[in-house]
Amino acid sequence: MTETGLQAETLPPLAATVAPERDLMSKFDGLIAERQALMDSGVIDPFAIVMEEVRSPTEAVIKGRETILLGTYNYMGMTFDPDVIAAGKAALDRFGSGTNGSRMLNGTFRDHMEAEAALRDFYGTTGAIVFSTGYMANLGMISTLVGKGEYVILDADSHASIYDGCKQGVAEIVRFRHNSVEDLDRRLGRLPKDAGKLVVLEGVYSMLGDVAPLKEMVAVAKKHGAMVLSDEAHSMGFYGPNGRGVYEAQGLEGDVDFVVGTFSKSVGTVGGFCVSNHPKFEAIRLACRPYIFTASLPPSVVATAAASIRKLMTAHEKRARLWDNARTLHAGLKALGFKLGTETCDSAIVAVILEDQEQAVAIWQTLLENGLYVNVARPPATPAGTFLLRCSICAEHSPAQIQAVLDKFAAAGRATGTID
Amino acid sequence: MSDRQTIFDTVAAQIEPFNKKGVDLTDATTFQGDLEWDSLTVMDFVAAIEDEFDIVITMNMQAEIETIGQLVDAVAKLKDD
């Protein structure tokens with residue numbers, strides 16, 4: 001007997017602590033079993049990768065191995081830019097490590113204002129609002145803009161943050177078939193004429209890397225009296241003459257009412273934002289719960305964002321290198337015989353489509369063991385139940401790295417029987 | 001034949017291509033439990049029903065519809081509006 005008295009020597013089994021029918025965690029049994037079955041097959045867990053060291057925008061150490069990064073959304077390679085890092089360090093020294101508060105109360109510092117000024121300059125808009133993440137920008141904008149009895153019309157392949165923005169709000173939600181102008185037109189035509197409507201689109205859809213026919217879709221939305229929000233998270237910095245996104249490339253600057261974006265991709269830090277020319281845009285700050293009821297970004301983060309955004313305004317050479325890399329990779333993978341998400345190279349995402357989870361994980365693991373990291377994606381995140389290996393390209397990938405990537409894909413594809 | 005029966009028959013006809021297990025279709029048949037449809041199948045099917053009847057079934061409404069009978073009633077109501 002121990003000194004603490006009459007207690008069991010060993011803990012009772014977990015199952016006995018909560019009856020299964022009352023255990024709220026029981027609903028995850030299916031997920032736990034599926035993951036366990038995958039782990040039991042001896043593969044590396046794709047959702048437990050740790051970057052032990054990060055050497056540059058394109059190189060890290062994973063499991064002690066030098067690894068080329070091809071799945072990070074670090075499109076413009078700004079994370080190690082000396083000016084960006086200097087801005088962050090200076091803000092850390094001058095303003096401390098955090099804000100301890102909401103944007104609405106004590107959480108707005110000099111550099112939050114500077115980041116919003118940089119966004120207004122970058123996008124050429126009268127308004128810019130910074131949120132704590134890109135997810136919260138969509139959550140906040142959609143749930144706040146569209147009220148009871150009004151409609152959100154969204155693409156079926158929309159990002160989770162758009163779906164969750166719909167769930168958080170009280171509007172009626174209508175979904176149309178991915179990138180179908182005709183389907184959008186038909187559904188808008190069936191809605192009450194006088195009701196407020198917001199059509200939510202994305203410039204680049206992140207799973208397959210395909211681009212929206214925004215010009216046609218925005219025309220249809222306007223015809224039915226709807227306002228338009230475009231999420232340009234995966235196009236900032238390299239689409240359009242000023243890098244503003246697909247909407248700029250398609251000549252829609254006067255027609256898209258709200259543009260949502262993120263700092264966690266091309267900008268190279270964390271945070272989200274919405275820009276707009278609407279004269280009443282500032283009112284969002286007074287009504288938007290995901291803006292008000294959360295802490296603002298740390299000063300160092302908004303300082304790095306501001307510095308990075310200003311550099312992206314003139315990053316013409318980087319843009320050209322990014323597109324060169326993307327086209328080389330797309331053409332190379334296609335020539336090797338891989339099935340890709342898009343026929344042509346439409347964005348800085350190249351998705352390799354695979355048969356099933358086993359094949360996807362097998363080739364993913366072979367790539368990782370050979371020093372290449374890509375994203376693996378599976379339903380429900382992916383459209384039409386597909387299993388994908390997603391490559392996101394960086395302007396800082398060297399031609400030698402892109403060639404090494406193609407060699408590794410060729411070897412892994414053959415080793416797993418994915419290609420001949 | 002009543003209006004409701006016509007709607008039921010049309011809905012049943014739209015279900016058939018997705019009825020891989022040959023489940024008997026009644027008012028009480030559930031999409032998730034009996035037909036074992038995943039969210040992608042539901043989405044394709046709802047789009048087909050919307051186009052067939054020239055209506056919009058919002059996602060808010062879809063969340064409330066679990067059986068064929070509930071869908072038929074929803075379509076009947078939407079057609080009247």
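What is the mean pLDDT of chain A, and what percentage of its residues reach 70 or more? The structure is a predicted model, and for chain A the mean pLDDT is 94, with 96% of residues reaching 70 or more. Residues 1-8 of chain A have a pLDDT below 50. Beyond near neighbours in sequence, this stretch makes zero contacts in the model.

The interior may be considered next. In soluble globular proteins, nonpolar side chains tend to be buried together. Here the largest nonpolar core comprises 118 residues, and the members that touch the most others are A:Val152, A:Ile153 and A:Leu389. The element giving the most to this core is helix α11 of chain A (residues 299-312), which supplies eight residues. Both domain 1 (42-76 + 316-415) and domain 2 (82-312) of chain A contribute residues, and the core therefore lies between them.

The surroundings of A:Ile153 can be traced residue by residue. Leaving aside residues up to four places away in sequence, A:Ile153 touches A:Val174, A:Phe176, A:Leu184, A:Leu188, A:Val199 and A:Ala226, together with A:Arg187 and A:Lys197.

Contact between them involves 12 residues of chain A and 10 residues of chain B. On the chain A side, strand β6 (residues 172-176) provides the largest share, namely four residues.

Note on methods
Residues are numbered from 1 along each chain as its sequence is written. Chains are lettered from A and ligands numbered from 1 in the order in which they are written. This is a predicted model: local features need pLDDT of at least 70, side-chain atom pairs count only at pLDDT 80 or more; totals for chains, interfaces and linings use all residues. A nonpolar core is a set of buried Ala, Val, Leu, Ile, Met, Phe, Trp, Tyr and Cys residues joined through C-beta atoms within 7 Å. A residue is buried if 20 or more other C-beta atoms lie within 10 Å of its own, exposed if 12 or fewer, and partly exposed in between; C-beta atoms are placed from the backbone. Helices (H or I, at least four residues) and strands (E, at least two) are DSSP runs, numbered from the N terminus. Domain bounds come from an automatic or database domain assignment. Two residues are in contact if their C-beta atoms, placed from the backbone, lie within 7 Å. pLDDT is the predictor's confidence in each residue, from 0 to 100.
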